[in-house]
Amino acid sequence: MMQTTLRKEVRCSGVGLHSGRKINMVLRPASADTGVVFSLWKDGQHQIITPAPERIVGTGLATTLGNGSVKVATIEHLLGALVGLNVDNVLVEVDGEEIPILDGSALGFVYLLGSAGLHSFNIPRKIAKIARPLVFSRDGKRIAAYPYNGLRIDYIIQFDHPRIGRQYFRFDAAIHDFASSIARARTFGFMKDVEWLQKNGLALGGSLDNAVVFDENGPLNPEGLRFADEMVRHKILDFMGDTAVGSHRLWGRFEVSCSGHEMNNQFMRHLFAHASEYLEFAELGERERKGRPKIPVPVSTPVPAWA
């Protein structure tokens with residue numbers, strides 16, 4: 001697989017989930033080996049931040065990338081879309097401290113990237129492969145990583161709510177279509193938490209237009225859910241974005257139980273701090289393009305024994 005970038009620049013505007021302010025964003029093509037780079041407008045100039053596990057400075061309500069006084073929040077949905085659509089090199093210019101939330105999923109970013117198109121370089125993609133098993137657990141949350149020739153995520157969530165409960169979904173990038181199976185899943189929350197957050201000056205841009213909000217009976221959104229298991233699919237999107245902050249694209253089989261932004265970042269910090277023990281760095285050439293054909297995503301999958 002060769003590295004890619006955008007064929008042309010694309011731009012969008014939208015509200016910031018936490019600030020409630022209008023945010024303008026431009027995605028620009030970047031040369032091979034650039035990776036994903038954020039250019040943030042502050043004090044009359046652009047300041048550059050390259051993602052890294054140790055540069056994640058906030059995980060409370062979203063994943064926030066920072067370097068000194070410069071930061072940008074809610075990067076996980078965009079990064080997840082870049083991973084899901086195999087975009088390796090892009091310059092992300094933002095005129096605020098958040099990425100626009102759009103509809104709370106990655107679907108808007110999929111459309112945006114699709115309209116830009118992809119350019120392929122004659123330079124192999126850089127991959128960090130899980131080389132040996134790693135089980136990382138904290139406070140009842142668990143991320144296990146195993147060697148795998150690609151990206152597979154088996155995810156379980158458990159919420160004490162009648163419309164959520166226990167959900168499981170498997171995403172395999174070589175089999176499933178990211179745009180239809182994962183990108184459409186929206187962020188979600190609970191009305192009691194939203195009310196508290198907004199009273200305390202947080203989630204000011206949150207609404208039923210960009211999140212699934214539950215009261216004690218079910219979702220308040222008039223259109224309902226996009227999938228019966230939309231919540232666990234969104235957690236997979238978050239995981240894809242939160243693990244896209246390493247120096248290389250991450251490959252492996254991941255079993256994830258009840259994790260969130262903080263746990264995901266703790267895992268990435270541990271993984272790359274012990275890279276010599278757990279990771280094999282490689283470059284993928286054309287000979288490795290062959291993979292399994294894409295098949296429809298199953299409606300439901302049995303919960304695995306490890307959960």
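**Notes on the predicted model**

1. The largest pocket holds about 1,000 Å³ of space. A pocket is an open set of points, on a 1 Å grid over the protein atoms alone, where a 1.4 Å probe fits, with protein on both sides within 12 Å along at least five of seven lines; its volume is the space filled by probe spheres set on the points, which are joined across faces, edges and corners. The model is predicted: local features need pLDDT of at least 70 and side-chain atom pairs pLDDT 80 or more, while totals for chains, interfaces and linings use all residues. Residues are numbered from 1 along each chain as its sequence is written, and side-chain values use heavy atoms, without hydrogens or water.

2. The lining of the largest pocket comprises 42 residues (those with an atom within 4 Å of a point), and G60, L61, T187, F188 and K235 lie nearest the centre. Among the elements giving two or more residues to this lining are α1 (76–84), β15 (188–190) and α5 (230–242). Helices are DSSP runs of H or I with at least four residues, strands runs of E with at least two, numbered from the N terminus.

3. Helices α1 and α5 pack at about 85°, their axes 7 Å apart. Axes are lines fitted to C-alpha atoms over the stretch in contact, with angles from 0 to 180 degrees between N-to-C directions. The two helices, α1 and α5, are therefore roughly perpendicular (65 to 115 degrees). Contact (heavy atoms within 4.5 Å) involves residues including L79 and V83 of α1 and L237 and M240 of α5.

4. The structure contains 8 aromatic pairs, that is, Phe, Tyr or Trp rings (for Trp, the six-membered ring) with centres within 6.5 Å. The F159 and F188 ring centres are 5.5 Å apart and the planes at 80°, so this pair is edge-to-face (over 60 degrees). F159 lies in β13 and F188 in β15, 29 residues apart.

Note on methods. Parallel < 35°, antiparallel > 145°, perpendicular 65-115°, else oblique. Phe/Tyr/Trp six-rings, centres within 6.5 Å; stacked < 30°, edge-to-face > 60°.
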